[in-house]
Amino acid sequence: MDRALARTTAALRAIRPVDGLLAAVTFVAVLAGTARFGGRLDAAGALPLALWLGLLLLVRRRWPLAVLLLSVQAVVVFRTSGLTDIGWVWPVSAAYACLAADDRPGRPGLLRAAAVGVTALLLAAGWELPTAGSPREALGSLGAEALWLALLLATATAYRNRLRWRAELDARLLRAARERDLEAGRRIAEARLEIARELHDVVGHTLTVVGLQLRVATESLDDSPAEARAALTTAQEVRTAAVRDLRALVHVLRAPGEPAHPSPSPSPEEPAAGVPELAALVARTRTPSLAVRLETTGDPAAVPAPVSLAVHRLVQEALTNTARHSGAARADVTVHCAADRVEVTVSDDGPTPQGPAAAPGHGIRGMTERVHALGGELTAGRPGDGGGWLVRAVIPVPGFRP
């Protein structure tokens, strides 16, 4: 009892204004149609039928099939009892359309509405043909009812298909929005990774070179003041270039529209890091305890900017690792700029470390990611039993074919 009451309460709460409007329209339409087609309008026939059909539509959302069956049953009862003499299908038009347009999963509303309609027409034929004045009149009336039923079902099917199309369109738009969000997140992650690589390369190289030059200045301060002065000048130049690069990275991280730092900006004539600037990079890294040789073949100016920057950063990181970790006395840098690729080799003669090999750090990982992002390949490791360390990369140049 309590469960039935709860269901009834839920059904009443589900009634919406459009349901009341549909019930009122059905009530008026049944009475107007009866009058229009010459039927009887009395308190025992058309009026209670119209009221019953209208009230049933108030719960059509919760029980569409039950509403249609009860409505058809009411029409059959009133017609066979002689209480009304107009219509078999059209008084129940709203119930047919509501069930046929029902698009909820697992509810074949169209098939159910068609089955109920055909059954009602068969009952109507069994009643009309024996009792009608002429078979032609009965067939004409039943034909009109059948055409009206087909029109109702077709209209409801079109409406249902439109609802499905709208739902599919909304799902596609939502899926596209999610894909755009994922793509934006992926690009942000890639940008953060790129900035992290740049920060690692700039800061690591700057600290290493400045440390080397300061050590040279300290060791030669008494014996060779000119050499100490030159080392300090080199350290100052490296520091200035690093500050310029860091300001550029910070500018990228600023929010759109946020004003830049009031400090002076670098001159537009200052070149960006690339293959042509490798000579200056090697000169800054070279110290009395570390001899660095650079050999460049081909045309460095023809290398595209992304590849040129990657080569510069790769050599920078490799020399930084050599100066910081290897204890080498000599390092060789070879860059070959071909039409379809750039080959980079950085090797040193550092002693072979004892014990197990250390896991690759952020520097090697950053070099690998940078080269792979351009479609190239990188190898780093000991070239053999003679000691030392070798970094070799091959980066394709886009737009050219061998």
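Predicted model: local features only at pLDDT ≥ 70, side-chain atom pairs only at ≥ 80, totals over all residues.
Student: How many helices and strands does the chain have?

Tutor: The secondary structure comes to 11 helices and five strands. These are DSSP runs numbered from the N terminus (helices: H or I, at least four residues; strands: E, at least two).

Student: What makes the span of H2 close to the expected one?

Tutor: H2 covers residues 17-36, which is 20 residues, and reaches 28 Å from its first C-alpha to its last. The expected span is 1.5 Å times one less than the number of residues, and for H2 that is 28 Å. H6, with 23 residues, reaches 33 Å, close to the 33 Å expected. H10 (residues 305-326) has 22 residues and reaches 30 Å, close to the 32 Å expected. H10 is followed by Gly327, whose phi is positive, near 70°.

Student: Why is Thr26 called buried?

Tutor: Thr26 has a relative accessible area of 8%. Buried means under 20% (exposed is over 50%, partly exposed in between, with a 1.4 Å probe and protein chains only), and therefore Thr26 counts as buried. Thr26 lies in helix H2. Leaving aside residues up to four places away in sequence, Thr26 touches Leu53, Gly54, Leu57, Pro91 and Ala94, where contact means heavy atoms within 4.5 Å. Of the 402 residues of the chain, 34% count as buried.

Student: How do you know on which side of H2 the buried residues lie?

Tutor: The buried residues of H2 are Asp19, Ala23, Thr26, Val30, Gly33 and Thr34. They cover an arc of only 105° around the axis, so they are on the same side of H2; the arc is that of the directions from the helix axis to the C-beta atoms. These buried residues pack against H3 (46-56) and H5. The face of H2 turned away from its buried side carries the exposed residues Pro17, Leu21 and Arg36.

Student: What describes the packing of H5 and H6?

Tutor: The axes of H5 (residues 93-100) and H6 (residues 109-131) come within 7 Å and cross at roughly 150°. Axes are lines fitted to C-alpha atoms, for helices over the stretch in contact, and angles between N-to-C directions run from 0 to 180 degrees. H5 contributes Tyr96, Leu99 and Ala100 to the contact, and among the residues from H6 are Ala113, Val116 and Ala120.

Student: Which residues have the most contacts inside the largest nonpolar core?

Tutor: They are Leu68, Val72, Val92, Tyr96 and Ala113, in a core of 34 residues. A nonpolar core is a set of buried Ala, Val, Leu, Ile, Met, Phe, Trp, Tyr and Cys residues joined through side-chain atoms within 4.5 Å. Helix H4 (64-80) gives the most to this core, with seven residues. Leu68 touches Val92, Ala95, Tyr96, Leu99, Ala113 and Val116, residues up to four places away in sequence not being counted. A second, separate core has 28 residues, including Val282, Leu290, Val307 and Ala331.

Key
Residues numbered from 1 in each chain as written. Heavy atoms only, no water.
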